[in-house]
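Please look over the sequence and the structure first.

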Amino acid sequence: MKDKRIRYRQAEIDAVIGHRARCFVVTRGDLTSAAYAERFITNQQPIFAASATPGPFIFAVHADRLERLYPPHH
């Protein structure tokens with residue numbers, strides 16, 4: 001089975017880099033629409049703060065925090 005996680009798919013990473021995209025993703029596919037929305041609402045201030053910085057980047061939106069997926073921390 002192919003890995004569907006964007007941080008491991010080079011074509012998607014290349015698109016994020018090429019467009020200097022600022023992405024926020026929910027990595028769980030089993031949540032309700034309300035749970036997705038709640039994650040974004042709960043994290044709106046950190047999302048706004050991160051959005052003010054230049055891309056490219058990808059953050060996972062968890063229930064109580066953001067986690068940077070790309071570029072990885074070194």
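The notes below cover confidence, the nonpolar cores, the aromatic rings and the charged side chains.

This is a predicted model. The mean pLDDT of the chain is 90. Eight residues make up the largest nonpolar core, and a search of the whole structure finds two salt bridges.

**Confidence**

- Of the chain's residues, 88% reach a pLDDT of 70 or more.
- Helix α1 (residues 10–18) has the lowest confidence, at a mean of 90.
- Confidence is highest in α3, at 98.
- Where pLDDT is low, predicted coordinates should not be read in detail.

**Nonpolar cores**

- The largest core consists of Phe24, Val26, Leu31, Ile47, Ala50, Phe57, Phe59 and Val61.
- Two elements, α3 (44–51) and β2 (57–61), each supply at least two residues of this core.
- The most comes from β2, which gives three residues.
- Another core lies apart from this one and has seven residues, including Ile13, Val16, Cys23 and Ala60.

**Phe24 and its surroundings**

- Phe24 sits in strand β1 (residues 22–25).
- Beyond its neighbours within four places in sequence, Phe24 is in contact with Phe40, Ile47, Ala50, Ser51, Phe57, Phe59, Val61 and Leu66.
- Phe24 and Phe57 are 33 residues apart along the chain, and their C-alpha atoms are separated by 8.5 Å.
- Phe59 also touches Phe24. With neighbours within four places again set aside, other contacts of Phe59 include Cys23, Val25, Ala50 and Leu69.

**Aromatic rings**

- The count comes to three aromatic pairs.
- The rings of Phe24 and Phe57 have centres 5.7 Å apart and planes at 70°, so this pair is edge-to-face.
- Phe24 lies in strand β1 and Phe57 in strand β2, so the pair ties together parts that are 33 residues apart in sequence.
- Both Phe24 and Phe57 are buried.
- For Phe24 and Phe59, the ring centres are 5.9 Å apart and the planes are at 10°, so this pair is stacked.
- Phe59 is buried, as is Phe24.
- Ring pairs join Phe24, Phe57 and Phe59 into a cluster.

**Salt bridges**

- Side chains of opposite charge can pair when their charged atoms come close.
- Glu12 forms a salt bridge with Arg9, and their closest N and O atoms are 3.2 Å apart.
- Glu12 is partly exposed, with a relative accessible area of 28%. Arg9 is also partly exposed, at 27%.
- Asp30 forms a salt bridge with Arg28, with 2.9 Å between the closest N and O atoms.
- Asp30 is exposed, with a relative accessible area of 56%, whereas Arg28 is partly exposed, at 38%.

**Arg39, a buried charge**

- Arg39 is placed in helix α2 (residues 33–42).
- Which side chain of opposite charge is nearest to Arg39? The nearest is Asp30, 6.8 Å away.
- A salt bridge needs a side-chain nitrogen within 4 Å of a carboxyl oxygen. Arg39 has no salt bridge, yet is buried.

Key: Residues are numbered from 1 along each chain as its sequence is written. This is a predicted model: local features need pLDDT of at least 70, side-chain atom pairs count only at pLDDT 80 or more; totals for chains, interfaces and linings use all residues. Side-chain values use heavy atoms; hydrogens and water are left out. Helices (H or I, at least four residues) and strands (E, at least two) are DSSP runs, numbered from the N terminus. Buried means under 20% relative accessible area, exposed over 50%, partly exposed in between (1.4 Å probe, protein chains only). Lys and Arg count as positive and Asp and Glu as negative; His and the chain ends are not counted. Contact means heavy atoms within 4.5 Å. A nonpolar core is a set of buried Ala, Val, Leu, Ile, Met, Phe, Trp, Tyr and Cys residues joined through side-chain atoms within 4.5 Å. pLDDT is the predictor's confidence in each residue, from 0 to 100. Rings of Phe, Tyr and Trp (its six-membered ring) pair if their centres lie within 6.5 Å; planes under 30 degrees apart count as stacked, over 60 as edge-to-face and the rest as tilted.
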